[in-house]
Amino acid sequence: MTQHAVRVRGLRKRYGDVTAVDGLDLDIEQGEVFGILGPNGAGKSTTVEILQGHRTRDGGEVSVLGEDPGSGSRDWQARVGIVWQDESAPAELTVAETVRHFARYYPRPRDPEETIALVGLQEKADSRTKALSGGQRRRLDVALGVIGAPELLLLDEPTTGFDPVARRQFWELIRRLAEEGTTIVLTTHYLDEAEALADRLAVIASGRVVAQGAPGTLGGRAQARATVRWTEPDGTPRTEDTDTPTRTVAELARRIDGEIPELRVTRPTLEDMYLRLIGEAQEDAR
Ligand SMILES: Nc1ncnc2c1ncn2[C@@H]1O[C@H](COP(=O)(O)OP(=O)(O)OP(=O)(O)O)[C@@H](O)[C@H]1O
C-alpha cells in the first residue's frame, strides 16, 4: 500500500469575505512530483501555506507526513522544506554564510557547499545576498528550502524570474531531488514546467480541484481527438478532427503523390486542456 505524503479532505479557508479555499481534496503520494496549477487567486499559495503549517485553516482534514500541520512537531517541521514566493534571506550575509546559517536549524542538514553547487551558485558563494540578481536570489531560496534535506519540499512558483537556462537547471535539480526520494509539491503558471516535472497535476479554480491526473491524461487529454492539417496540391489548406489520424494520413498518402504538403498531426497540448478546464470552471461558477 502506498502511504500518502499529503492527504487533504474538504479544506476550507476564508480571509474575511473572500473564500480562498472551498472544499479542496488532495492525495499526494510519497516520492511523487505533484504540480498545482490554477489562475491568479485560485487558492494555490494558501493551500501550500496550510500544508506547511504557516497558515491556519477554517475547516477540513489535513495530514502531511502523517501529522496535522496545525500542530506539527519541531521534528516534523524539519522534515518539510518550503520555498515561498517572496523569501527574504538576511541581506548582509554572503550566500555561503546564509546557507551555513540555515543549515544549523536542522538535525541532519545537507552539506552547505554541495547545496550551493546544487543550485548553481558556486561563483556567487562569497557575494552578499543583497547583490544577487532576482533569479540568483530565487536559487538561494531553493538552496534554503532543501538545506534541511526535507522529505517533502513545497515550492510556490519556484522559477518565476528565472532565465530559460536557469529554469532548465532548476528542472534538473528537481529531478535529482525526486530521484533521491524527496516528495515535491510545486505551484506554477508555466505549463511546460508542469509537463516536464510533474508525475501528476491538480488544476485548482476558485479554491477547488477541478481536474487531476498525469499531464498526458489530464481532463481526458489522451482520448481527445487528433487534428490533421495539410495543404492540397492546389494550395488549399485543410484541417480534419479525427479519432483515427493514422487512417486519415494513409488515405492522404494514397491520394497525393509524394510528400503531403505541410502535413501535421496534433493533439491538444496541456495548455489547451488547462484553458478548457478553467473556462468550464468559470462557466459553472456563473
Ligand atoms: N493574507 C490575505 N488576506 C486576505 N486575502 C488573501 C490573503 N492571501 C490571499 N488572499 C486572497 O485569497 C485568494 C486566494 O489567494 P492565493 O494567494 O492562495 O491564490 P494563488 O492561487 O496562489 O494565486 P497566484 O497565482 O496569484 O499566486 C485570493 O482571492 C486572494 O486575494
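Hi everyone! Let's start with how residues are sorted: Ala, Val, Leu, Ile, Met, Phe, Trp, Tyr, Cys and Pro count as nonpolar, Asp, Glu, Lys and Arg as charged, and the others, Gly among them, as polar. With that in hand, the shell around the ligand divides into 4 nonpolar, 6 polar and 1 charged residue.

A word on what we're looking at. This is a predicted model, where local features need pLDDT of at least 70, side-chain atom pairs count only at pLDDT 80 or more, and totals for chains, interfaces and linings use all residues. Residues are numbered from 1 along each chain as its sequence is written.

pLDDT is the predictor's confidence in each residue, from 0 to 100. The chain averages 92, and 98% of the residues score at least 70.

Back to the ligand. Its surroundings include Tyr15, Val18, Gly43 and Lys44, where near means a C-beta atom, placed from the backbone, within 6 Å. Strand S2 (18–29) and helix H1 (44–52) each give two or more residues to this shell, and H1 gives the most, with 3. Helices (H or I, at least four residues) and strands (E, at least two) are DSSP runs, numbered from the N terminus.

Now, which residues of helix H3 (residues 95–103) are buried? They are Val95, Thr98, Val99 and Phe102; buried means 20 or more other C-beta atoms within 10 Å of a residue's own, exposed 12 or fewer, and partly exposed in between, with C-beta atoms placed from the backbone. These four cover an arc of only 95° around the axis, so they sit on the same side of H3. The arc is that of the directions from the helix axis to the C-beta atoms.
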